[in-house]
Amino acid sequence: MKPSKLLGMAWLNLKHRKLRTVLTTLSVVIGITTIIAVASLGEGFRGEIKQRLEHGFELDVLIVFPGSFVAGLREGFSQSDVDYIKGIENVTLVTPLITVPLTEDLELCNETGAKLGAFTIGGVNFNEMRELLPQRFTLWKGEFPVENETGKMILGYKASIVNETMVADVGGNVSLILSHGFMRWNFTVSGVLAKGGTSGITNFDYWAFIPIEDAIKLARNKEKPYQIILVKVSNPQKAESVAMEIEKHFSPYSVTVFVPTALIRQVDGILNLVQMFLVAIGSISLLVAGVGIMNIMTVAVMERTREIGILKAIGAKNRTVLSMFLAEALLIGVIGGLIGEFTGYLLSYGLATVLANFIQPSGVSIAERPEVHRIEMAPSFSSLWMLIAFIFAIAICIIFGLYPARKAAKLNPVEALRYE
Amino acid sequence: MPVLLDVRNIKKSYRMGKVIVQALRGVSFSVMEGEFLAVLGPSGSGKSTLLHLIGCLDRPDEGEIILDGKNVLRLSDDELAELRLKRIGFIFQFFNLLPRLTALENVELPLMLARVPEREAREKAKKLLELVGLGGRLNHRPSELSGGEQQRVAIARALVNDPKLVLADEPTGNLDTKSGWDIVNLMRKLNEEMNQTFIVVTHDQKVAEVADRIIYLRDGLVEGIKSVPR
């Protein structure tokens with residue numbers, strides 16, 4: 001029998017049992033809706049998180065810290081460490097940082113003696129920092145010291161503005177005061193960095209930068225003065241291999257190399273796993289639909305036993321009878337799948353709106369850091385997921401329809417004809 | 001006249017609950033091409049079982065059935081289906097039309113199974129419905145037709161693939177006397193005008209008398225064969 005005729009007859013039979021067909025199709029619709037909604041929301045959420053992470057980090061910049069979580073804090077790096085890293089393949093730029101925490105004992109004040117908003121003094125090579133972090137290490141006002149002259153300072157945005165008041169502006173004088181005046185270093189503010197924006201490890205809002213030569217004077221260990229080494233690689237894909245080379249140079253666990261791409265990959269991997277898990281749970285509803293189809297078709301085969309006998313008597317082959325029943329399962333799968341994709345699409349947006357209110361960063365942090373914008377909860381529809389769900393719907397219907405259809409095909413025609 | 005069907009010593013038993021019923025205990029006869037044969041017997045004589053075996057719906061336990069020179073017992077299930085489709089037409093006591101299809105679609109069904117092109121199938125089905133006198137009821141469903149009309153549709157369906165052999169199982173058994181006779185006369189007319197071979201199973205002596213020959217069946221054995229003089 002021609003496929004078009006088979007489908008035509010299947011349609012006729014489905015139409016004849018309207019309520020049953022509608023309910024069975026509904027179960028497929030629910031299954032597909034669930035899968036589409038879960039998959040697209042998961043996909044959207046994953047994309048959003050990934051984008052945020054990529055935004056928060058320079059993907060081609062590695063950050064090397066002394067010590068590790070396993071072995072505890074270690075002393076800083078020496079110039080020879082920096083030189084070694086410079087020699088690694090695919091490394092394009094290396095710049096060390098000296099960090100000095102601001103404490104009760106070491107304060108940064110303006111001319112009137114008011115404390116600035118900074119938490120940390122960073123000794124850097126300004127030119128190298130600009131080259132390394134061209135998007136992040138940018139000025140809001142003023143200018144960078146051209147030759148890394150001593151006595152110049154670049155302030156982070158929040159270091160210069162405390163409680164919405166500018167405590168140190170470009171051209172102003174600020175002082176580092178040790179032990180309430182025991183020692184004092186004077187600097188001229190030469191620029192203020194642009195607002196850091198999104199979170200990330202390289203957010204300089206609360207830093208005050210000075211030339212590295214000045215910072216060495218503050219360092220306790222003059223041999224190993226650097227607490228951070230920033231390493232730029234030629235290409236984000238090389239980041240992990242460079243990180244391994246760096247780790248090899250040091251004794252085990254004595255350094256930590258932060259690799260943004262690895263972190264993003266891990267987070268993405270976890271989110272992917274979560275998404276798969278949710279889709280798997282969603283798929284259970286489709287399995288339930290499959291069992292429903294099997295049930296309803298088994299009943300249909302029993303009811304239509306005589307009809308099957310007639311078909312066989314007038315010359316239908318076993319596989320023709322099989323195809324007739326499978327065609328019905330197929331139609332339910334196709335119709336249920338298509339409607340399910342559509343309702344899944346609608347449900348995704350509905351759920352996104354509802355969920356968006358639950359997954360925002362907690363209220364406190366929003367109030368303190370308005371730069372952390374809302375997490376967008378837009379579903380993302382990939383045609384691949386749509387296709388997978390659709391094929392899944394059809395596959396489930398056919399697989400579960402196969403048993404009753406085979407049962408119909410194998411009926412003995414004489415017994416089938418005798419069936420009342 | 002050449003032999004169309006040769007039935008040689010067929011036996012068939014089947015299980016009914018716990019008892020084994022010996023429906024046929026060794027039945028032999030032949031049918032000529034163009035013959036109108038009646039199989040007459042009381043209920044339980046095995047005549048329906050015989051018809052099912054000839055119609056290739058079932059296989060005998062023993063014996064041979066040679067249809068059109070072919071030993072059908074050597075054929076696979078698919079080949080038997082093909083044989084039923086192209087060489088054999090069935091007419092049943094309870095008409096056995098598909099309830100959701102119209103008269104025309106019911107007659108078209110065997111053509112569809114044989115993958116005859118749609119337009120050709122439609123023409124053929126219409127022609128046959130006109131031949132059985134139902135040209136005006138093409139688009140009625142079985143539930144909208146009388147018993148006699150339904151049986152005419154069934155006859156049209158049985159003939160639509162130009163079978164060599166038409167088998168009728170108590171074709172008048174579910175009809176009133178007049179409709180029953182109309183059907184018998186229609187079959188006889190088709191037999192004479194189209195030289196179509198018929199085997200009609202019945203328990204009605206008067207219906208059987210219409211045939212060229214009558215095979216008397218009792219308790220699974222041929223009791224006698226009688227030629228009906230014209």
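In this predicted model, helix 2 (residues 18-56) of chain A packs with helix 12 (residues 383-409) of chain A at an angle of about 155 degrees, the two axes lying 10 Å apart. Because angles over 145 degrees count as roughly antiparallel, helix 2 of chain A and helix 12 of chain A are described as roughly antiparallel to each other, and their crossing is right-handed. On the side of helix 2 of chain A, the contact is made by Val28(A), Ile32(A), Ile35(A), Ile36(A), Ala39(A) and Glu43(A), which meet Trp385(A), Met386(A), Ala389(A), Phe392(A), Ala393(A) and Cys397(A) in helix 12 of chain A. Sorted by class, the residues of this contact between helix 2 of chain A and helix 12 of chain A comprise 11 nonpolar, no polar and one charged.

Helix 2 of chain A also packs with helix 10 of chain A, here at an angle of about 45 degrees and with the axes 6 Å apart. The two helices, helix 2 of chain A and helix 10 of chain A, are therefore oblique to each other, and they too make a right-handed crossing. The residues of the contact of helix 2 of chain A with helix 10 of chain A divide into 14 nonpolar, 11 polar and one charged.

Helix 10 (residues 318-356) of chain A has a further partner in helix 9 (residues 305-313) of chain A, and the axes of these two come within 10 Å and cross at roughly 140 degrees. Helix 9 of chain A and helix 10 of chain A are therefore oblique to each other, and helix 9 of chain A passes helix 10 of chain A in a right-handed crossing. From helix 9 of chain A, Ile308(A), Leu311(A) and Lys312(A) meet Asn318(A), Val321(A), Met324(A) and Phe325(A) of helix 10 of chain A. The residues of this contact between helix 9 of chain A and helix 10 of chain A are five nonpolar, one polar and one charged.

| Helix pair | Angle between axes |
|---|---|
| Helix 2 and helix 12 of chain A | about 155 degrees |
| Helix 2 and helix 10 of chain A | about 45 degrees |
| Helix 9 and helix 10 of chain A | roughly 140 degrees |

Between the chains, 26 residues of chain A are in contact with 27 residues of chain B, and the area buried between chain A and chain B is about 2,500 Å², of which carbon and sulfur atoms give 60%. Side chains of opposite charge can pair when their charged atoms come close. Over all chains the structure holds 36 salt bridges, and four salt bridges are found across the interface of chain A and chain B. Glu118(B) forms a salt bridge with Lys5(A), with the closest N and O atoms 4.0 Å apart. This pair crosses between chains, running from Glu118(B) in helix 4 (residues 118-131) of chain B to Lys5(A) in helix 1 (residues 3-16) of chain A.

How values were computed
Residues are numbered from 1 along each chain as its sequence is written. Chains are lettered from A and ligands numbered from 1 in the order in which they are written. This is a predicted model: local features need pLDDT of at least 70, side-chain atom pairs count only at pLDDT 80 or more; totals for chains, interfaces and linings use all residues. Side-chain values use heavy atoms; hydrogens and water are left out. Axes are lines fitted to C-alpha atoms, for helices over the stretch in contact, and angles run from 0 to 180 degrees between N-to-C directions. Helices (H or I, at least four residues) and strands (E, at least two) are DSSP runs, numbered from the N terminus. Angles under 35 degrees count as roughly parallel, over 145 as roughly antiparallel, 65 to 115 as roughly perpendicular and the rest as oblique. A crossing is left-handed if the near helix is turned anticlockwise from the far one by less than a right angle, and right-handed if clockwise. Contact means heavy atoms within 4.5 Å. Ala, Val, Leu, Ile, Met, Phe, Trp, Tyr, Cys and Pro count as nonpolar, Asp, Glu, Lys and Arg as charged, and the others, Gly among them, as polar. Buried area is the accessible area (1.4 Å probe) that two parts lose on being put together, summed over both. A salt bridge is a side-chain nitrogen of Lys or Arg within 4 Å of a carboxyl oxygen of Asp or Glu.
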